[in-house]
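Here is a short report on a protein model.

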Amino acid sequence: CSRATLLIHLPRCPGWGEQPHVKNGPALGGYGATTMNTALTATIAELPEQLRKTITWDRGKEMSAHAQFTMDTGTRVYFADPHSPWQRGTNENTNGLLRQYFPKSTDLSRWSAEDLQAVAYTLNNRPRKALGWRTPAEVFEENLRSLQQPSVAATG
């Protein structure tokens with residue numbers, strides 16, 4: 001595990017804010033499951049196939065269309081059990097690091113895709129004790145290089 005961070009900028013759903021909010025209607029933030037699937041599919045498609053076999057997600061509504069995401073990408077989605085943050089240790093640690101940049105209740109709509117990429121770059125170039133004081137970017141690069149090495153069968 002490289003602990004690399006990918007942050008995805010979600011554009012508002014078309015038509016968001018044009019009508020008054022309806023109870024049990026579209027997501028308040030204008031970010032529906034379809035928007036999430038589109039953005040996540042585009043981001044994950046940039047990774048080599050071997051690095052996009054699975055993702056683990058919490059139980060948010062934004063992944064309610066996870067079956068379609070899996071069909072579109074071949075990436076299986078696993079969900080942590082309710083109230084079980086230990087099942088998503090790296091995610092919980094990353095959330096803590098992200099709180100340094102985006103405190104709770106921060107309106108994320110004011111941040112651009114470029115802002116998010118700058119935060120991801122900073123986190124990916126921060127040495128981690130769990131990685132032997134290497135950075136997630138270094139470990140990720142090692143993983144990419146190992147995927148590019150031709151396999152050699154042992155004889156003997």
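The sections below cover basis, layout, cores and T73.

## Basis

This is a predicted model, in which local features need pLDDT of at least 70, side-chain atom pairs count only at pLDDT 80 or more, and totals for chains, interfaces and linings use all residues. Residues are numbered from 1 along each chain as its sequence is written, and side-chain values use heavy atoms, with hydrogens and water left out.

## Layout

The protein chain has five helices and two strands. Helices (H or I, at least four residues) and strands (E, at least two) are DSSP runs, numbered from the N terminus. Their order along the sequence is α-β-α-β-α-α-α.

Of the 156 residues, 26% count as buried, meaning under 20% relative accessible area with a 1.4 Å probe, protein chains only. Contacts are heavy atoms within 4.5 Å. Among those between residues at least 6 apart in sequence, 48% join residues at least 24 apart.

## Nonpolar cores

A nonpolar core is a set of buried Ala, Val, Leu, Ile, Met, Phe, Trp, Tyr and Cys residues joined through side-chain atoms within 4.5 Å. The largest has eleven residues, including L10, M36, W57 and V77. Helix α1 (33-44) and strand β1 (54-57) each supply at least two of its residues. The largest share, four residues, comes from α1. Another core, of eight residues, lies apart from it, with L7, L98, V119 and L123 among them.

Beyond its neighbours within four places in sequence, V77 contacts I55, W57, M63, H66, F69 and T70.

## T73

T73 sits in helix α2 (residues 66-73). T73 counts as buried because its relative accessibility is 16%. Its side chain reaches the backbone nitrogen of T75 at 3.0 Å. Leaving aside neighbours within four places in sequence, T73 contacts T41, I44 and R52.

Definitions and conventions. Buried < 20%, exposed > 50% of the residue type's maximum accessible area, 1.4 Å probe, protein only. Polar contact = N/O pair within 3.5 Å; in protein donor to acceptor, adjacent residues only side chain to side chain.
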